[in-house]
Amino acid sequence: MGKDYRQIIADTYASILSQENLGKVPDYIPEIACIDENKFGVSFTDLNGFNFGVGDFEEKFSIQSISKIFALSFTYEKLGEELWKRVDVEPSGTAFNSLVQLEADHGIPRNPFINAGALVICDVLLENCKNPKDEILLYIRELTDDESADFNEKVAASEMQNSFRNAAMANYMKSFGNIRSQPDAVIELYCHLCSIEMSCRQLSKSLLYLANGGKLPGSNKHIISLNKARRINAILLTCGFYDESGEFSFLVGLPGKSGVGGGIIALYPEHYCIAVWSPKLNPKGNSYRGMKFLQEFTMQTRESIF
Ligand code: DON
């Protein structure tokens, strides 16, 4: 008899809901600052297609940096190992928007999940796709098997107006030759990827291929190779939470990724993907309740990759 995930999720949700909701909604993106900070949703989908959700799991929110997974996976499959000449796979131990290591590292970002790395991935997309925005959206829609994931143009515009740090990074990396398009075009694409809106239910379905050796469950279509899926999971585990990646690995023990919209996804290879959304962030920029929920969830399931 398998585990009763439905019960564990319902109990864990109730327990976290009964505790204080600490943290702060980020105020630097006005369109996100006005969100109801008590939203809280969880969705679980396993490789057999079993889905269970609680709370606001069907409401769409800004997935922000979670989109960095789709951008990486799409680009890595296109370029192969060449990609790693332009972005490294080491944890940065710094904030997601930090510039501090770029000079010593000669414009090569530490990993694809910090902003500098995601900007390089966007630059690679611009070099290799006719219409990167459309192609990434189609990719996500195929992964979710529905057409509704979309950009929020207001969020994208509001991010572009506040992208001074990202502009600094893109320009600085261009001086090393590691950005090839115009920095403005790179930032425009990056802000659009951050603005994508999806629900927990869609997110928990869309990343199942990474729990399934790179194949879409059901059709078994290859999205990426097994080795590439394994490598993306390794980078998620070591770099998915910026300077809190060690903590997430320590407390939860699953590959995962957060976004400043309050979303977190985590996956248990060969089993399931789980998405949590709660907008208030801890000081490291990760969802306060999202972290707590996943810590408690894996304590109860006693499952992690370790
Ligand atoms: O300022 C930015 O670049 C953000 N919109 C980054 C998005 C994000 O989620 C980073 N991490 N938590």
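**A loop residue, then the rest**

Mentor: Glu-270 is exposed, with a relative accessible area of 65%. Buried means under 20% relative accessible area, exposed over 50%, and partly exposed in between, with a 1.4 Å probe and protein chains only.

Trainee: What kind of model is this, and how are residues numbered?

Mentor: This is a predicted model, so local features need pLDDT of at least 70, side-chain atom pairs count only at pLDDT 80 or more, and totals for chains, interfaces and linings use all residues. Residues are numbered from 1 along each chain as its sequence is written, and side-chain values use heavy atoms, with hydrogens and water left out.

Trainee: Where is Glu-270?

Mentor: Glu-270 sits in the loop between β6 (263-268) and β7 (272-277). Helices (H or I, at least four residues) and strands (E, at least two) are DSSP runs, numbered from the N terminus.

Trainee: And what is the phi of Glu-270?

Mentor: Near 75 degrees, a positive value in a residue other than glycine. Gln-64 also has a positive phi, about 50 degrees, and is not a glycine.

Trainee: Is Gln-64 buried or exposed?

Mentor: Gln-64 counts as buried because its relative accessibility is 2%. Gln-64 is in the loop between β3 (61-62) and α3.

Trainee: On to the ligand. Which residues come nearest?

Mentor: Gln-64, Ser-65, Glu-159, Tyr-190 and Val-260, out of 14 residues around the ligand. A residue is near a molecule or strand if one of its heavy atoms lies within 4 Å of it.

Trainee: What does the side chain of Gln-64 do there?

Mentor: An N or O atom in the Gln-64 side chain is 2.6 Å from a nitrogen atom of the ligand. Tyr-190 has a polar side-chain atom 2.6 Å from a ligand oxygen atom. For Tyr-242, a side-chain N or O atom is 2.7 Å from a nitrogen atom of the ligand. The protein covers 97% of the 340 Å² of accessible area that the ligand has on its own. Accessible areas come from the Shrake-Rupley method with a 1.4 Å probe; for residues, only the protein chains shown count as cover.

Trainee: How does the shell split by class?

Mentor: Seven nonpolar, six polar and one charged. Ala, Val, Leu, Ile, Met, Phe, Trp, Tyr, Cys and Pro count as nonpolar, Asp, Glu, Lys and Arg as charged, and the others, Gly among them, as polar.

Trainee: Back to α3. How many residues does helix α3 have?

Mentor: 13, at residues 67-79. Helix α3 reaches 18 Å from its first C-alpha to its last, close to the 18 Å expected at 1.5 Å a residue. The expected span is 1.5 Å times one less than the number of residues.

Trainee: How many residues of α3 are buried?

Mentor: Ten of the 13, so α3 is mostly covered. Among them are Ile-69, Phe-70, Leu-72 and Phe-74. Just after α3, Gly-80 takes a positive phi of about 70 degrees.

Trainee: Salt bridges next. How many does the structure hold?

Mentor: 15. A salt bridge is a side-chain nitrogen of Lys or Arg within 4 Å of a carboxyl oxygen of Asp or Glu. One of them pairs Lys-228 with Glu-77, closest N and O atoms 3.7 Å apart. That pair links distant parts of the chain: Lys-228 is in helix α11 (residues 226-239) and Glu-77 in helix α3, 151 residues apart.

Trainee: Why does Lys-228 count as buried?

Mentor: Because its relative accessibility is 15%. Glu-77 counts as partly exposed, at 36%.

Trainee: Which partner does Arg-86 have?

Mentor: Asp-123, with the closest N and O atoms 2.7 Å apart. Arg-86 lies in the loop between α3 and α4 (115-128), Asp-123 in helix α4, 37 residues apart. Arg-86 and Asp-123 are both buried.

Trainee: And Arg-180?

Mentor: Arg-180 forms a salt bridge with Glu-127, closest N and O atoms 3.6 Å apart. Arg-180 is in the loop between α7 (164-175) and α8 (183-194), and Glu-127 is in helix α4, 53 residues apart. Salt bridges that share partners join Arg-86, Asp-123, Glu-127 and Arg-180 into one network.

Definitions and conventions. Polar contact = N/O pair within 3.5 Å; in protein donor to acceptor, adjacent residues only side chain to side chain.
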